[in-house]
Amino acid sequence: MTQPRLTVVIIGGGIGGLFAANGLIARGFDVSVYEQAPALGEVGAGVFLTPNSVRQLQRVGLGHQVERWGARVGHSSHYFRHDGAPIAPVQVTDSAGWNATFGMHRADLVEMLAGALPSGVVRTGHRAVGFEQAGEVARVSFANGTEAEGDVVVATFKATGTRLLPAR
């Protein structure tokens, strides 16, 4: 007899939520991601992926995508002050000497993570407004009137003062 797959509801379709979805799906969970924005995207400039984060992306099958979307940071790279004065060299390798340090635009990282998910996993236009738990079922309610149920709810939020309010 096989055990039923655990259902995970992820609130937030940014980098954290999308990576969590990829990792959980790779481990056999049934996952749904709910994002409040009408479309996935990310504002901001670049991100720096270090060997430790690249190793985690490899574990969920996205190592080749990092090579495709990112730019490897070279050994002669340096950090600079705003006036152009050098501060320090960039440490691009891990303790074993593996150079898996990449620069990537935030929007490209979001697109890479979302593109690796099966169709229908991400649902945009869903702003979470409430949460309740009854026994072993967790339920999230959204401003658009829909609800999602799961065995587990993972909520990822930007530090914008957003609060998840209890359902009434």
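Patches are made of residues with over 30% relative accessible area and no salt bridge, with nonpolar side chains (Val, Leu, Ile, Met, Phe, Trp, Tyr) joined within 5 Å and like charges within 9 Å. A salt bridge is a side-chain nitrogen of Lys or Arg within 4 Å of a carboxyl oxygen of Asp or Glu. The model is predicted: local features need pLDDT of at least 70, side-chain atom pairs count only at pLDDT 80 or more, and totals for chains, interfaces and linings use all residues. Residues are numbered from 1 along each chain as its sequence is written, and side-chain values use heavy atoms, leaving out hydrogens and water.

**Surface patch**
- Phe48, Tyr79 and Ile87 form a nonpolar surface patch with about 310 Å² of accessible area together (Shrake-Rupley method, 1.4 Å probe; for residues, only the protein chains shown count as cover).
- Tyr79 lies in strand S5, residues 78-80 (strands are DSSP runs of E, at least two residues; helices are runs of H or I, at least four; both are numbered from the N terminus).
- Tyr79 counts as partly exposed because its relative accessibility is 42% (buried means under 20%, exposed over 50%, partly exposed in between, with a 1.4 Å probe and protein chains only).

**A buried loop residue**
- Thr101 sits in the loop between strand S6 (86-89) and strand S7 (102-105).
- With a relative accessible area of 0%, Thr101 is buried.
- Beyond residues up to four places away in sequence, Thr101 touches several residues, including Phe48, Ala71 and Val92 (contact means heavy atoms within 4.5 Å).

**The whole chain**
- The chain has 4 helices and 12 strands.
- Of its 168 residues, 33% are buried.
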